[in-house]
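Subject: Structure handover

Hello,

Here is the structure for you to look through. My notes on what was found in it follow below.

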Amino acid sequence: SGEVYGAGSPTGFGTSDQPKLQPSGIRSAYPNAKLSSEFLLEGWSRATNGDARIARLFHTFGAGFSLDDGRSFADIITAAALGRDIKLYSDGSSKRNFLYIEDAVAAIFTLLLAGEESIKSDVGGESKISIKDFADVTASIAGVSVVTMDEGSKGARHAVQGDPPEPNTGKLRSLGWLPKVSLEDGVQRTVTRLRNRLGKLN
């Protein structure tokens, strides 16, 4: 959801910053669909004096994703759970604010149950980690290796350059929310659950 702030934007955004519509581009439909939903919800809130609450999720990971999900964390964890080397098709320097799904759900409930009305907040990890570091942590937990592939390889993924905006979780923290699951613990849980799931499919 951080893409609503605009591609290539600096870090440090907050929900008081105006999102930027991207009229055209290869990914413009993605952030614009999210913004459209927000605008409709806020319009309904103003017209009916209703209570609208918005959570902008950044890079949530955890069990339950489709095996062909396509996001970097999903490809990395799927390979690890299958006992395969993790293949990166870039130098992995691009950074993300990963947040384990349990903490993301807690954040959403924090917003829903807050005493204030019509609030919004980014929902993401407190610190950035590179795709390469995420892969290294996962490889260490799963007992596999990380291999950097040629960026021109057919079917290459993870080659997105640059860092997305950094989530501002100040509002959530003021409401008492803090992430409780470490990256390592979250990866361990996700790998374990995916291995159990794959075992049941076989």
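**Helix α2 and its surroundings**

Directly after α2 comes Gly83, with a positive phi near 75 degrees. Helices here are DSSP runs of H or I with at least four residues, strands are runs of E with at least two, and both are numbered from the N terminus.

Before the rest, a note on the basis. The model is predicted, so local features need pLDDT of at least 70 and side-chain atom pairs count only at pLDDT 80 or more, while totals for chains, interfaces and linings use all residues. Residues are numbered from 1 along each chain as its sequence is written, and side-chain values use heavy atoms, with hydrogens and water left out.

**The chain as a whole**

The chain has six helices and eight strands, in the order α-β-β-α-β-β-β-α-β-β-α-β-α-α along the sequence. Of its 202 residues, 41% are buried (under 20% relative accessible area with a 1.4 Å probe, protein chains only; exposed is over 50% and partly exposed lies in between). Among contacts (heavy atoms within 4.5 Å) with a separation of 6 or more, 82% join residues 24 or more positions apart.

How many of the 10 residues of α2 are buried? The count is 10 of 10, and the buried residues include Asp75 and Thr78 as well as Phe73 and Ile76.

Helix α2 (residues 72-81) packs against helix α4 (residues 131-142) at an angle of about 20 degrees, and their axes are 10 Å apart. Axes are lines fitted to C-alpha atoms, for helices over the stretch in contact, and angles run from 0 to 180 degrees between N-to-C directions. The two helices are therefore roughly parallel (under 35 degrees; over 145 is roughly antiparallel, 65 to 115 roughly perpendicular and the rest oblique).

On the α2 side, the contact is made by Ser72, Phe73, Ile76, Ile77 and Ala80; on the α4 side, by Ile131, Phe134, Ala135, Thr138 and Ala142. By type, these residues are eight nonpolar, two polar and no charged (Ala, Val, Leu, Ile, Met, Phe, Trp, Tyr, Cys and Pro are nonpolar, Asp, Glu, Lys and Arg charged, and the others, Gly among them, polar).

**Met149**

Met149 sits in the loop between β8 (146-148) and α5 (170-174). Its relative accessibility is 27%, so Met149 counts as partly exposed. Leaving out residues up to four places away in sequence, Met149 touches Lys87, Leu88 and Tyr89.

Regards
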